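Student: I would like to learn how to read salt bridges in a model. Please take me through the idea and then the case at hand.

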Amino acid sequence: MSDDRFSDYIARERERLSRERQEIANQRRELDNRLTAIDREFQALEAYQAAKTGRPSGRRTQMQRRTRRGSRREELLNLIREGNGLSRGEILERMGLKGDKSGEMSISNALTALTKRNQVRREGGKYYPGSSEAGEAELPLGATEGDQTREAGETSQD
């Protein structure tokens, strides 16, 4: 097999796997959103029942779940790795949180924490994966060291 055919094969496989991964990530987000909606309905039922009976509903139903601490950051980090530079707005849309104030705040807090830990970096209003190396950020795909335009004190808006 020639190097050209092999590199074409590798490129096609990478593309196929990327599409499949994105499809599964989208399905996972949709399922998470559906579970969240069901949990809200359970909470509404509990609140309604408590209001009708006059008893506080301090207990949680068995169906309700609590998200494992850090899983939002993991999901966010995976989304940023899959994208080639995403703005905060794009992240919120892809995660289905646009308009959900507590969800938006959660994402903002997670982005801040990930940035402080050098797991992501912000450049030109977009978030990119950071390096696993301490403090050294990765460049976007196809970029070179000379392409970096972010200065140490520069900030930008979403």
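Student: With which residue does aspartate 100 form a salt bridge, and how far apart are the closest N and O atoms?

Tutor: A salt bridge is a side-chain nitrogen of Lys or Arg within 4 Å of a carboxyl oxygen of Asp or Glu. Here aspartate 100 pairs with arginine 40, and the closest N and O atoms are 3.6 Å apart. Aspartate 100 sits in the loop between α3 (88-94) and α4 (101-116) and arginine 40 in helix α1 (residues 3-53), so the pair ties together parts 60 residues apart in sequence. Helices (H or I, at least four residues) and strands (E, at least two) are DSSP runs, numbered from the N terminus.

Student: What should I know about the model itself?

Tutor: This is a predicted model: local features need pLDDT of at least 70, side-chain atom pairs count only at pLDDT 80 or more, and totals for chains, interfaces and linings use all residues. Residues are numbered from 1 along each chain as its sequence is written, and side-chain values use heavy atoms, with hydrogens and water left out.

Student: Are glutamate 123 and arginine 121 buried or exposed?

Tutor: Buried means under 20% relative accessible area, exposed over 50%, and partly exposed in between (1.4 Å probe, protein chains only). Both glutamate 123 and arginine 121 are buried, and their side chains form a salt bridge at 3.3 Å, N to O. Aspartate 100, by contrast, is partly exposed at 22%, and arginine 40 is partly exposed at 47%.

Student: How many salt bridges does the structure hold?

Tutor: Eight. Glu13, Arg16 and Glu20 are linked in a network of them.
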